[in-house]
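These are my notes from going through one model.

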Amino acid sequence: MSIATPKNLSLTDIISAGYRALHRRLWVMLIPALVSGYLWLGAPIALTPLATGVQADLAMVGELIGQEGEGVRLAQAVLMTDLRLALAWLNFVPMLAPTEGPVVPLMGIEHEVNWPRMLLTIGVVNVLALVFSSYFLTLLSEAVSGVYLPLVGSLQRALAVALALVGYWLVLAGIGLLLALPFLALSIIVIVALPGTALAILLAWYIVLFWAYIYTCFAPEAILLSRVGPLQAIVASINIVRHNLAETLMLLLLNLLIVNGLGLVWRQLAAMPVGLPVALLGSAYIGSGLTAARMEFYRAHLAR
């Protein structure tokens with residue numbers, strides 16, 4: 001039997017309900033803790049072989065625009081940093097990422113990128129991210145709804161969630177391409193004809209993508225709690241946000257402030273000799289509770 005949720009809850013009530021749900025299955029937070037531990041202790045993935053080929057080109061561009069150091073700095077920022085999080089497009093597990101920065105030196109890289117290996121790496125990273133994400137979200141949604149399945153049932157449900165999450169991204173990508181390509185072509189034409197409008201057009205694209213994320217952000221919760229398909233989940237998310245826009249923005253902003261604010265504390269703690277396990281567990285606890293709070297938010301407003 002599912003646990004009844006009050007229809008009118010403040011954000012404090014929502015977050016408290018999320019952590020109460022997490023406490024009913026506290027060991028679930030070990031999944032994000034282990035994934036974060038891999039990020040801190042595992043080997044990074046970077047496009048370092050591209051550095052020598054691209055560095056000279058970027059430096060030449062920097063000379064043309066009067067900023068010779070920008071090329072090297074851009075090469076360091078893009079080619080020399082750990083890409084595991086950026087490549088994990090199907091990750092829904094809250095994680096504590098290590099401090100950003102170059103992971104290997106620019107000098108001494110002479111071989112070319114092995115693109116088949118890189119594509120295989122991207123595939124493996126996303127498959128593993130999807131496996132961990134679907135099982136983590138399934139177990140946490142059971143704690144939120146109060147409906148617990150046996151091990152086999154949870155695994156079957158996690159598989160269905162994984163397929164639905166892949167479908168969700170495919171639907172988003174398809175709709176995005178269908179709607180964005182004409183405007184992207186128009187934007188390129190305008191920028192070429194009027195270079196001074198580039199910043200305004202980029203800002204407009206950022207605003208569009210921001211609101212697209214806001215209105216579709218509860219699609220995973222709809223997949224988990226309403227057990228609908230990807231397209232129905234997107235529609236459900238749009239309806240939830242449309243009727244509760246201010247509360248949605250407040251919840252997402254509060255989530256962002258908590259995660260980023262405590263992230264600074266966790267990274268400082270992780271730099272200490274014995275602080276990494278505490279930082280990983282603390283970050284996993286906070287992130288898992290906030291993930292459960294999003295589910296509680298969706299469930300409470302769906303009941304209205």
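**What covers a buried helix face**

I began with the cover over the buried residues of H11, which includes helix H1 (11–23), helix H2 (30–41), helix H8 (198–216), helix H10 (230–243) and H12. The model is predicted, and I read it as such. The buried residues in H11 are Thr 248, Leu 251, Leu 252, Asn 255, Gly 263, Trp 266 and Ala 270.

**Overall make-up**

I then stepped back to the whole protein. I found twelve helices and zero strands. Read from the N terminus, the order of elements is α-α-α-α-α-α-α-α-α-α-α-α. I noted that the protein has 304 residues, of which 41% count as buried. I also looked at contacts between residues at least 6 apart in sequence, and 81% of these join residues at least 24 apart.

**H11 on its own**

I checked the length of H11 against expectation. At 1.5 Å a residue, its 26 residues should span 38 Å, and I found the end C-alpha atoms 36 Å apart, which agrees.

**H11 against H12**

How do the axes of H11 and H12 cross? I have H11 as residues 245–270 and H12 as residues 276–302, with axes that come within 9 Å and cross at roughly 175°. An angle over 145 degrees counts as roughly antiparallel, so H11 is roughly antiparallel to H12.

I listed who makes this contact. From H11 the residues are Glu 247, Thr 248, Leu 251, Leu 252, Asn 255, Ile 258, Val 259, Leu 262, Trp 266, Leu 269 and Ala 270. From H12 they are Leu 276, Val 278, Ala 279, Gly 282, Ser 283, Ile 286, Leu 290, Arg 294, Phe 297 and His 301. I sorted the contact by class and got 14 nonpolar, five polar and two charged residues.

**H12 on its own**

I counted 22 of the 27 residues of H12 as buried, so H12 is largely enclosed by the rest of the structure.

**H7 against H10**

Next I took H7 and H10, whose axes come within 8 Å and cross at roughly 70°. Angles of 65 to 115 degrees count as roughly perpendicular, so I wrote H7 down as roughly perpendicular to H10. On the H7 side I noted Ala 164, Gly 167, Tyr 168, Val 171 and Leu 172, which meet Pro 230, Leu 231 and Ile 234 in H10. The residues of this contact divide into seven nonpolar, one polar and no charged.

**Two single residues**

I looked up Gln 156, which sits in helix H7 (residues 151–193). Is Gln 156 buried or exposed? Its relative accessibility is 55%, so Gln 156 counts as exposed. From Gln 156 to Thr 138 I have 18 residues in sequence and 9.9 Å in space, C-alpha to C-alpha.

I finished with Gly 229, in the loop between helix H9 (219–226) and H10. Gly 229 has 23% relative accessibility and therefore counts as partly exposed. Gly 229 and Ala 160 are 69 residues apart in sequence, yet their C-alpha atoms are 9.9 Å apart in space.

Terms used:
Residues numbered from 1 in each chain as written. Predicted model: local features only at pLDDT ≥ 70, side-chain atom pairs only at ≥ 80, totals over all residues. Heavy atoms only, no water. Axes fitted to C-alpha atoms, helices over the stretch in contact; angles between N-to-C directions. Helix = DSSP H or I, 4+ residues; strand = E, 2+ residues; numbered from the N terminus. Parallel < 35°, antiparallel > 145°, perpendicular 65-115°, else oblique. Contact = heavy atoms within 4.5 Å. Nonpolar A, V, L, I, M, F, W, Y, C, P; charged D, E, K, R; others polar. Buried < 20%, exposed > 50% of the residue type's maximum accessible area, 1.4 Å probe, protein only. Expected span 1.5 Å × (residues − 1).
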